[in-house]
Amino acid sequence: MSSLALINEFLGQPPNASSHGYQIDHILEFCHWFMGALFLGWSAFFIFVLIRFRKSRRPVADHAGVTSGISTHLEFSVVLIEAVLLLGFAIPLWAKRVNQFPPGKEALVVHVAGQQFSWNFHLPGPDGQFGRRGVGFVSNSNPMGLDPNDPAGKDDIVTLGELHVPVNRPVIIELSSRDVIHDFFLPDMRIAADAIPGSRIPMWFTPIKTGTYEVICGQLCGLGHSGMKGTLVVDTPADYQAWLKERAELAGSQGAPPAGAPKAEDKSPQPAASPSPNG
Ligand SMILES: [Cu+2]
């Protein structure tokens, strides 16, 4: 985006793939250049002091001290620049992320639950409605705790480790954790948030480039933390619909949400509806 993008690239930051990411990149770039300038300035001053007050020169204490105001001006400038960065850029950008959520209808809502050491994703399925969830239903085969008796949850899609989203549509993520504190980090989307047990934390982004991106855990969460990775696939709308269909069929063929009490047999008279004219 800007010609200053050198440092971010040099530090190995992947190219941005979200609508707001370039703003984060600008702040990072500026901070890196600013810190680089401070580092050079302080280093030069340090070397100057080492030489100027070396032992062989027999320096004598000066009881008057520094009389010029240059250090005051310099330090005030640094504080001013940092205040502008924080109050003028960082806080407004953060406020936008946490206050200005896209309207629910326009966005794709996904539930994400971290667990040692993987990510579970939960989509509402073809009916667009999430099934009821309850802590009491959580098990290894039902990581999101879907209520097996709620019809809205029958077509829900739960995947482990891989999430698909359509490009150019806002994605709202509702984040939680099954065990310890994790951190749902999408480096390419320039967004991260802690997943805290007992809380549902919202975050959002809009992917602007199709592709396959890494999902990582940004919070040291146990021995397997470094392997806690997932995949975010940003599809074209057509590819996304195809994936949804495939997942819905898969869920249907496997008998809807995995449950602790699968006794809905007599209640669901839908034996693979086959509208074949010949019987
Ligand atoms: Cu983790």
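Biologist: Why does C221 count as buried?
Modeller: C221 has 6% relative accessibility, and buried means under 20% relative accessible area (exposed is over 50%, partly exposed in between; 1.4 Å probe, protein chains only). C221 is therefore buried. C217, at 7%, is buried by that rule as well. This is a predicted model, in which local features need pLDDT of at least 70 and side-chain atom pairs pLDDT 80 or more, while totals for chains, interfaces and linings use all residues. Residues are numbered from 1 along each chain as its sequence is written, and side-chain values use heavy atoms, without hydrogens or water.

Biologist: What makes the arrangement around the copper ion tetrahedral?
Modeller: The protein donors are H182 (ND1), C217 (SG), C221 (SG) and M228 (SD), 2.1 to 2.5 Å from the copper ion. Donors are N, O and S atoms within 2.8 Å of the metal (3.2 Å for Na, K and Ca); water is not among the atoms, so a site may look incomplete. The angles between the 4 donor atoms run from 90 to 123 degrees, and four donors count as tetrahedral if all angles lie between 85 and 135 degrees. The arrangement is therefore tetrahedral.

Biologist: How do you know that R190 is buried?
Modeller: Its relative accessible area is 10%. The side chain of R190 also reaches the backbone oxygen of P14 at 2.6 Å, where a polar contact is a pair of N or O atoms within 3.5 Å; within protein, one must be able to donate a hydrogen and the other to accept it, and residues adjacent in sequence count only if both atoms are side-chain atoms.

Definitions and conventions: Tetrahedral: all angles 85-135°; square planar, octahedral: opposite > 155°, others 65-115°.
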